[in-house]
Amino acid sequence: MTVIVVMGVAGSGKTTVGTLLAERLGVEYGEADSFHPATNIAKMDAGIALSDADRAPWLRAVAEWVSAHDRSGGVVSSSALKRRYRDVLRDAGRTWFLHLSGPRDLIADRISARTGHFMPVSLLDSQFADLEPLSADETGVVLEVDDTPERIVDTAVRAFTAARGSAQ
């Protein structure tokens with residue numbers, strides 16, 4: 001099986017789309033925010049961008065989730081902002097990336113509108129600065145977030161199904 005990694009900057013809809021996608025496919029969903037150590041959450045809540053060193057234990061935890069679901073499949077959200085982060089996840093098991101992409105203003109509006117989340121809009125620019133978009137040689141698809149979550153999931157399922165069919 002394959003683990004679908006729903007990636008993108010904060011506020012791009014990873015949790016919403018990931019949850020719906022896992023439900024549609026009948027597989028387990030892993031929320032990457034739950035893998036962050038408390039120190040990371042405290043930093044982000046204080047408006048401090050995470051360094052690569054800060055992200056290392058979180059990335060290892062997400063990779064362990066990918067490895068544990070390599071046989072059963074699953075969907076996990078992860079910003080996976082840098083290619084080298086995605087390489088860690090790829091090394092953990094079979095992965096397919098769904099990169100949720102959108103304009104900064106739309107995503108900033110989404111972050112501003114949500115409540116009870118530790119990620120402030122002030123860190124969005126650092127996320128965009130770190131973002132290395134999914135490359136043509138990486139398995140997955142880039143979808144714009146300016147549609148409904150249900151339509152994004154429909155498109156993602158079609159792309160994933162087509163990719164699995166061509167890989168066999």
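Tutor: Strand β4 (residues 95-101) and β5 run parallel and are joined by five bridges. This is a predicted model, in which local features need pLDDT of at least 70 and side-chain atom pairs count only at pLDDT 80 or more, while totals for chains, interfaces and linings use all residues. Residues are numbered from 1 along each chain as its sequence is written, and side-chain values use heavy atoms, with hydrogens and water left out.

Student: What makes β4 and β5 a pair?

Tutor: Two strands pair if DSSP finds at least two bridges between them. Five bridges join β4 to β5, so they pair.

Student: Why are β2 (29-30) and β5 (140-144) called edge strands?

Tutor: The open sheet has the order β2-β3-β1-β4-β5. Each of β2 and β5 pairs on one side only.

Student: Why is α3 called roughly parallel to α4?

Tutor: The axes of α3 (residues 52-68) and α4 (residues 83-92) cross at roughly 25 degrees and come within 8 Å. Axes are lines fitted to C-alpha atoms, for helices over the stretch in contact, and angles run from 0 to 180 degrees between N-to-C directions. Angles under 35 degrees count as roughly parallel; therefore α3 is roughly parallel to α4.

Technical notes
Helix = DSSP H or I, 4+ residues; strand = E, 2+ residues; numbered from the N terminus. Parallel < 35°, antiparallel > 145°, perpendicular 65-115°, else oblique.
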